[in-house]
Amino acid sequence: MLTLGIETSCDETSVAVTDCRNVLSNIVSSSVHLHKRYGGVVPEIASRFHVEYILEVLDKALGCSGKRLKDIKLIAVTNGPGLVGALLTGVSLAKSLSLSLQVPMIGVNHVLSHLYSAFLNDGTPGFPFIGLVVSGGHTALFYCRDGYKHKLLSQTLDDAVGEAFDKVAKILKLGYPGGPVVERSAKLSTNKDRVKLPKTFLGVHSLDFSFSGIKTAVLYYVRDIEKSSVLGPQSMDKELINDICCAFQETVLDELIGKAFLAAEMHKVKNIVVGGGVAANTRLREKFAYAAKFSGGIKVYFPQKSYCVDNAAMVGALGEELYKRGHRSDLSLSAEPNLEVVNA
Ligand code: KG4
Ligand code: ZN
């Protein structure tokens, strides 16, 4: 079923044409370069960017797929959670296309679209699985069974893991977004045991996450080093920054992996699926693969890297699956900044 996916929840303006789980085109235009100097996404700038570029992105997505608007049979759009001004552009476009083309429309939850992005193209995770969403706004575990049904098991009690990467990069003055720069810096670490950071402990059987403690630990570590040296901020040399990034990354990735495997064990599930921007992290993929090797048969699935960060292909593909299962939206669909995942 030829579906037009639309994603504008944060700083990526994206439109895709999908058919079942196959991606015919997926155009992503990011406003990240405009946010860099502020060290985080500025909602007003993101919203204006969507308004300015969405039609161009739509034209490109249709052009690359070789399809025309009249071929589209379903419109799927992210209607939350996200920045309200940003979401509004996508939702308004979806409504006007649905009305003018007389095709049905479906609102898709952004967190759920990350959860199922590993199914795109030839991705074949088996049900049931434990779904781990690791993005800039969310960190959560789900139990997922056949038919795109899911139950929220746990989430972060404070910061999302991507947010922690972004904040640590800011403390270390590495730029924005933090994930890729922290990963690059950690890879260059020559003394992986030099910096010790505390691990979060929320109880042996707890599946919840917490990342604000480790972010604060990095802040204090840097402050103490700077205070104790006559060089002040100059005492933070490249090697030390690499070692801090390595310690931070290893600690948070261990927390994600430990909880995902614990959930799999508790729910007697043999598959784990990871989605969201942080799933692009190569070290996370390596560590998951290593843990899977010694797990007694648990398999771990990731989306292709281009489908980890925000994109409309995951919205189109999930929208079609939900539509086929009877989900519907109408023209009263609204942008919901705090939209929650409903257990199904
Ligand atoms: O899923 P996403 O594009 O947007 C949200 O829904 O939030 O995720 C963006 C987040 C940012 O926090 C970014 O720093 C993080 O994903 N990220 C990474 C990597 N690439 C992006 N985190 C760790 N390692 C990466 N390679
Ligand atoms: Zn996202």
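The bridge partner of Arg145 in strand S8 is Lys149. Six bridges join strand S7 (residues 139-145) to S8 (residues 149-155), and the two strands run antiparallel. Strands pair if DSSP finds at least two bridges between them. Helices (H or I, at least four residues) and strands (E, at least two) are DSSP runs, numbered from the N terminus. Three residues lie between the strands of the S7 and S8 hairpin, where Gly147 takes a positive phi near 85 degrees.

## Basis of the model

This is a predicted model, in which local features need pLDDT of at least 70 and side-chain atom pairs count only at pLDDT 80 or more, while totals for chains, interfaces and linings use all residues. Residues are numbered from 1 along each chain as its sequence is written, chains are lettered from A and ligands numbered from 1 in the order in which they are written, and side-chain values use heavy atoms, with hydrogens and water left out.

## Two domains

The protein chain is divided into domain 1 (2-115 + 307-324) and domain 2 (125-302); such bounds come from an automatic or database domain assignment. The C-alpha centres of domain 1 and domain 2 lie 27 Å apart. The contact takes 19 residues from domain 1 and 20 residues from domain 2, where contact means heavy atoms within 4.5 Å.

## The largest pocket

Rolling a probe the size of a water molecule over the atoms shows where empty space is left. The search uses a 1 Å grid over the protein atoms alone: a cavity is a set of points where a 1.4 Å probe fits but cannot get out, and a pocket is an open set with protein on both sides within 12 Å along at least five of seven lines. Lining residues have an atom within 4 Å of a point. Grid points are joined across faces, edges and corners, and a volume is the space filled by probe spheres set on the points.

The largest pocket has a volume of about 980 Å³. Its lining consists of 39 residues, and Ser135, Gly136, Gly137, Asp166 and Tyr176 lie nearest the centre. At least three lining residues come from each of domain 1 and domain 2. Strand S3 (22-30), helix H4 (110-115), helix H5 (161-171) and helix H6 (178-187) each supply at least two residues, and H5 gives the most, with six. By type, the lining of the largest pocket divides into 15 nonpolar, 15 polar and nine charged residues. Here Ala, Val, Leu, Ile, Met, Phe, Trp, Tyr, Cys and Pro count as nonpolar, Asp, Glu, Lys and Arg as charged, and the others, Gly among them, as polar.

## The second largest pocket

About 300 Å³ of space lies in the second largest pocket. Of the 18 residues that line the second largest pocket, Asn109, Leu112, Leu322, His327 and Val342 lie nearest its centre. Strand S5 (residues 105-109) gives the most to this lining, with four residues. The lining of the second largest pocket divides into nine nonpolar, seven polar and two charged residues.

## Two buried serines

Ser135 sits in the loop between strand S6 (129-134) and S7. With a relative accessible area of 7%, Ser135 is buried; buried means under 20%, exposed over 50%, and partly exposed in between (1.4 Å probe, protein chains only). Leaving aside residues up to four places away in sequence, Ser135 touches His114, Ala160, Val161, Gly162, Glu163, Gly276, Gly277 and Val278.

Ser210 lies in the loop between H6 and helix H7 (212-228). Ser210 counts as buried because its relative accessibility is 9%. Not counting residues up to four places away in sequence, Ser210 touches Thr156, Asp158, Thr200, Leu202 and Glu255. The C-alpha atoms of Ser210 and Gln155 are separated by 8.5 Å, although these residues are 55 residues apart along the chain.

## Backbone details in the loops

A cis peptide bond joins Gly80 and Pro81, with omega about -10 degrees. Pro81 is in the loop between strand S4 (74-80) and helix H3 (84-101). The peptide bond from Tyr176 to Pro177 is also cis, with omega near 0 degrees, and Pro177 is in the loop between H5 and H6.

Lys173 is likewise in the loop between H5 and H6. Phi of Lys173 is near 55 degrees, a positive value in a residue other than glycine. Lys173 is exposed, with a relative accessible area of 68%. Asn121, in the loop between H4 and S6, has a positive phi of about 55 degrees although it is not a glycine. Asn121 is partly exposed, at a relative accessible area of 25%.
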